[in-house]
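Subject: The structure I promised you

Hi,

Have a look first, and then read on for what I found in it.

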Number of protein chains: 2
Amino acid sequence: MIDCPLPRVEDDRVLLGHGAGGRLSAELLDALILPALGRGGAATSAPLEDAAVLPTDDGLVVTTDGFVVSPLFFPGGDIGALAVNGTVNDLAMRGAHPLALTVALVIEEGLGLADLEAVVTSLGKAANDAGVPVVAGDTKVVGRGHADKLFVTTTGVGRRIPGLDPSAARARRGDRVLLSGPIGVHGVAVLSERENLGFVTDVASDTRPLHRLVQTLAPLGGHLHTLRDPTRGGLAASLNEIAGASRIHVEIDEESLPVPEPVAGACELLGLDPLHVANEGCMVAFVAAEVAGDALRLMRSLPEGADAVAVGEVTDGPPGRVVLRTLVGARRVLDMPLGEQLPRIC
Amino acid sequence: MIDCPLPRVEDDRVLLGHGAGGRLSAELLDALILPALGRGGAATSAPLEDAAVLPTDDGLVVTTDGFVVSPLFFPGGDIGALAVNGTVNDLAMRGAHPLALTVALVIEEGLGLADLEAVVTSLGKAANDAGVPVVAGDTKVVGRGHADKLFVTTTGVGRRIPGLDPSAARARRGDRVLLSGPIGVHGVAVLSERENLGFVTDVASDTRPLHRLVQTLAPLGGHLHTLRDPTRGGLAASLNEIAGASRIHVEIDEESLPVPEPVAGACELLGLDPLHVANEGCMVAFVAAEVAGDALRLMRSLPEGADAVAVGEVTDGPPGRVVLRTLVGARRVLDMPLGEQLPRIC
């Protein structure tokens, strides 16, 4: 078990970076939360997935996610749609089709009812668009200054699509790494709204449900090894999690990475790495080499996968490591981000 | 549909009382949240239950609850145990046995890691005591002043106990109203800690799981009509919800109500009504008269039901109304509380 060197030194307090999906998040989970839950030791060596299989013997999967994005409304979406799509996607990354959602709201006293109504309407519309009912909910209100407008926690229950069993631990040597669409869009869209960056135009969040894209990959069956939606921590965090859980070495071609021009420009100006920026509407898939062409064709048959590309492969090399082959032919280690680059991005 | 008179007049903003489980909460739900979710009209006339049956044809039930109790630690419990027990109990009130829990944390930057560890340890212990695994989780961190230390949202999935189908809408004329134990304890315990009321001693929260108490009632089968744990809004809110959903008239004997001496004393000093104070470890049951004696015997066979008593019955009279027969023989309407008496009690 990890000896928790980092959290303990910072005055023994929770830092913003503990929630950013990077190394600090992983350490908080491994060193404090899982052991405190009584899941230390052997259990922590199990791969951490986006969703857990229920002990019901009938392929049910469950996932939960808290959303604290600031601001509540941003180009291309809002916290309501984000919550629904994020939860649907966590189920989808385990190869599951969503059956039902629950929603719990924590509201700061003084939030405008019009804002609340807009968020809940958007949430309802996103659930309807994804074809999944909201079956239960809860509402709490806390005093002014004890929350920041609105937090939304969604939980999803889904059922495994027959034949699919993707897992962060199932990627293997020879796999092709596919990406369903451009990266960096969501994070830059939220940041541009939050910081009033007038120079960032034409960037809207990619928040969308991905379960139909996963469904369309069902013919791949067991050849579909791993799925992950690169949200907090970006593509770099997802690839590192998969490389660690599967004990594999991943090589990514920088040239092949789809980074839209406005995203690249904004990241350069702000000193951000697009590989660390959160996405909410694309996924990375590890598939056996022999089905990579089929997988790309299937993904491209849907709008949400129209720009799907191959970005790398699993090769020989030190396991647990992700390497970027740069445009000029150099190779650099693509590390797990440490803490927050962009807090409260989802 | 309700015309939403109250929320709209108060400057169109969310009030603390909207989260208190009383009339304002019900109006926010009926007038804004359910219609915005696309569940207006016919759907809102369905009774609101503590947990929803999943569309899976196999008796699965799901519930979600956000916990924002302040302070995090109080006599008899903390936010971690409260979250687990509250969610187990919401499943139990639908006659379901818990199968799995998920936990989502929203943490304020600066929370002591020792406090976080204490809460998560208590949460894990409560889940273990209830015999239900925590299968998925999520952690978010927000900046200082954007939350109040820690919010916990738990979601539970359970399976119906064969033969049981309790519902807020199934109480009927002639039913006996049973209460599994003393009321007012949790609310007074939290308040005494929050407000540093030195004169309140010997009051510890009753937070505990009630699924075993429900399991022990399985022999009653269809004669067990309704179960509810009177949390926010207290016994008065639960009885009014049941009276409304079942279109029945409920009479309660004040004399029979088990209000512990320290709770009665604290409520008198503070101007609170024990019938409006939240509970976290007792339940109210509506059962057919012919099984009332059996039900009490079964409940009393477990520690959590040792003090079970009959407190009233369903009689002729205006439906949707709850009446209290007072000690001096008068009858007064026991109304739904309007808004917050004790905010952030759970």
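Which strands of chain A does H7(A) lie across? The answer is E9, E10, strand E11 (284–287) and strand E13 (321–325), and the helix runs at about 140 degrees to E9(A). Helix H9 of chain A (residues 292–300) also packs on the sheet, where it touches E8, E11 and E12. The direction of H9 makes about 10 degrees with that of E8(A). Before you go further, keep in mind that this is a predicted model.

Now the sheet itself. It is an open one made of seven strands of chain A, in the order E9-E11-E8-E12-E10-E13-E14, with mixed pairing. Strand E9 (224–228) and strand E14 (331–333) are at the edges, so to speak: each of them pairs on one side only. From one strand to the next, the twist averages 25 degrees. One place to look is Leu179(A), whose bridge partner in E12(A) is Val309(A).

Next, the domains. Chain A is divided into domain 1 (1–46), domain 2 (49–160) and domain 3 (176–333). Taken over C-alpha atoms, the centres of domain 2 and domain 3 of chain A are 23 Å apart. Their contact takes 21 residues from domain 2 and 20 residues from domain 3. On the domain 2 side, helix H3 (79–92) and strand E5 (96–108) of chain A are the elements that give two or more residues. H3(A) has the largest share of that side, with eight residues. By class, the domain 2 side divides into twelve nonpolar residues, eight polar and one charged.

The two chains meet as well. In that contact, 67 residues of chain B touch 68 residues of chain A. On the chain B side, at least two residues each come from helix H2 (23–36), strand E2 (60–67), strand E5 (96–108), helix H4 (113–130), strand E6 (134–142) and strand E7 (150–160). That side of chain B has 36 nonpolar, 21 polar and ten charged residues.

Is Val141(A) buried or exposed? Val141(A) counts as buried because it has 28 C-beta neighbours inside 10 Å, and the cut-off for buried is 20 or more. Leaving aside its neighbours within four places in sequence, Val141(A) is in contact with Ile107(A) and Glu109(A) in its own chain, and with Val14(B), Leu16(B), His18(B) and Gly19(B) in chain B. Val141(A) also shows how a chain folds back on itself: Val106(A) is 35 residues away in sequence, yet the two are 5.8 Å apart in space, C-alpha to C-alpha.

Then there is the core. In soluble globular proteins, nonpolar side chains tend to be buried together. In this model the largest nonpolar core has 234 residues, and Val62(A) and Val62(B) touch the most other members. Apart from neighbours within four places in sequence, the contacts of Val62(A) include Ala51(A), Leu54(A) and Val157(A), and also Ala100(B), Val135(B) and Val157(B).

Most residues other than glycine have a negative phi, and most peptide bonds are trans. Where are the exceptions? A cis peptide bond joins Ser70(A) and Pro71(A), with omega about 0 degrees. Pro71(A) is in the loop between strand E2 (60–67) and strand E3 (73–74) of chain A. Chain B has a cis peptide bond between Ser70(B) and Pro71(B), again with omega about 0 degrees, and Pro71(B) is in the loop between E2 and strand E3 (73–74) of chain B.

For phi, look at Arg247(A), which is not a glycine but has a positive value of about 55 degrees. Arg247(A) is in the loop between helix H7 (234–246) and strand E10 (249–253) of chain A, and it is exposed, with 11 other C-beta atoms within 10 Å. Lys149(B) has a positive phi too, near 70 degrees. Lys149(B) is in the loop between E6 and E7 of chain B, and it is buried, with 20 other C-beta atoms within 10 Å.

Happy exploring!

Terms used. Residues numbered from 1 in each chain as written. Chains lettered and ligands numbered in written order. Predicted model: local features only at pLDDT ≥ 70, side-chain atom pairs only at ≥ 80, totals over all residues. Contact = placed C-beta atoms within 7 Å. Helix = DSSP H or I, 4+ residues; strand = E, 2+ residues; numbered from the N terminus. Nonpolar A, V, L, I, M, F, W, Y, C, P; charged D, E, K, R; others polar. Buried ≥ 20, exposed ≤ 12 C-beta atoms within 10 Å, placed from the backbone. Domains from an automatic or database assignment. Core = buried A, V, L, I, M, F, W, Y, C linked by C-beta atoms within 7 Å. Pairing = 2+ DSSP bridges. Axes fitted to C-alpha atoms, helices over the stretch in contact; angles between N-to-C directions.
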